[in-house]
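Subject: Structure handover

Hello,

Here is the structure for you to take over. Please keep it open while you read the notes below.

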Amino acid sequence: MPIILPSATTPWASMYADVVPHVPQCPTFEIEDYLRKAATDFFRASCIWRGRDLTLLTTVASQATYAYALPADARLNLVHVAYDGEDEIDVEEPGSELDYFPGETNTTLTIGVGEDRASFRVTPAPEAAGTVIKGTVSYIPSVDASGILTWVFNDYRHEIAAGAAAMLVIQKDRPWTAPSMYGGLMAAFNDGVTRASHLRGATRRKPIRVRPV
């Protein structure tokens, strides 16, 4: 069975109180904007929001791009590991899609996240149809996410709020401008990222090429 982490959310407004003491007079709409940015950075760097053993796509001959059914309020972050049956396939590094000619096909596939963060890209395009690719992916919040994942809010709300406050205190000529606070706030944010990263553990196992039984 695929493993998908819970996706219930807590509204952004529940985190305002954690930011306000650092940036007095900052309007709530701006606080929410920076909470979204900090949360996105947190999820992107920690890869804590993951789905494992998921069916990512089934190949269609000569088709390179495949839409993906995302969890609510999510965009794709990374493909961490992917399998064609029992064999691990390569995961695309940013920019490596440029190594292939348009229209090129091959039986040796590489998978990556599409530019829209709602699809997967297979390069070169597969020669054959019907290959099921499964794997582990991580997510970041969608642009219009209604809030933050509740289980992340419960454990990391203060660290993410610190990240939002850090970006706000270095704004120029605002009532809450306080560059001297930036270092401490970012240290708290980065500590949360580190702890979250360790919580889920590593997912890449190359150069292993065969899936363990």
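Predicted model: local features only at pLDDT ≥ 70, side-chain atom pairs only at ≥ 80, totals over all residues.

Residues are numbered from 1 along each chain as its sequence is written, and side-chain values use heavy atoms, with hydrogens and water left out.

Strands

Helices (H or I, at least four residues) and strands (E, at least two) are DSSP runs, numbered from the N terminus. Two strands count as paired if DSSP finds at least two bridges between them.

Start with β6 (residues 87-91). It runs antiparallel to β5 (residues 74-84), and 3 bridges join the two. D84 has D87 in β6 as its bridge partner. β5 and β6 form a hairpin, with 2 residues between them. G85 sits in that turn and has a positive phi of about 65°.

β6 also pairs with β8 (residues 110-113). Here the strands run parallel, joined by 2 bridges. V91 stands opposite I111 in β8.

Cavity

The search used a 1 Å grid over the protein atoms alone; a cavity is a set of points where a 1.4 Å probe fits but cannot get out, and lining residues have an atom within 4 Å of a point. Grid points are joined across faces, edges and corners, and a volume is the space filled by probe spheres set on the points.

The structure holds 1 cavity of 30 Å³ or more. The largest cavity contains about 30 Å³ of space. Its lining consists of T9, F43, W49, D73, P141, G147, I148 and L149. Strand β12 (residues 147-149) contributes the most to this lining, with 3 residues. By class, the lining has 5 nonpolar, 2 polar and 1 charged residues. The classes are: Ala, Val, Leu, Ile, Met, Phe, Trp, Tyr, Cys and Pro nonpolar; Asp, Glu, Lys and Arg charged; the others, Gly among them, polar.

Salt bridges

A salt bridge is a side-chain nitrogen of Lys or Arg within 4 Å of a carboxyl oxygen of Asp or Glu. The count comes to 8. For accessibility, buried means under 20% relative accessible area, exposed over 50%, and partly exposed in between (1.4 Å probe, protein chains only).

R157 and D18 meet in a salt bridge at 2.8 Å, N to O. R157 lies in helix α3 (residues 150-169) and D18 in helix α1 (residues 16-19), so the pair ties together parts that are 139 residues apart in sequence. R157 is partly exposed, at 23% relative accessibility. D18 is buried, at 16%.

E30 and R174 form another salt bridge, at 3.1 Å, N to O. This pair also links distant parts of the chain, 144 residues apart. E30 is in helix α2 (residues 28-46), and R174 is in the loop between α3 and α4 (182-200). E30 is buried, with a relative accessible area of 10%. R174 is partly exposed, at 33%.

D41 pairs with R44, the closest N and O atoms being 3.5 Å apart. Both residues lie in helix α2, 3 residues apart, about one turn of the helix. Both are partly exposed: D41 at 34%, R44 at 37%.

Finally, salt bridges that share partners join E159, D191 and R195 into one network.

Best regards

Methods. 1 Å grid on protein atoms, 1.4 Å probe; cavity = no way out; pocket = protein on both sides within 12 Å on 5 of 7 lines; lining within 4 Å.
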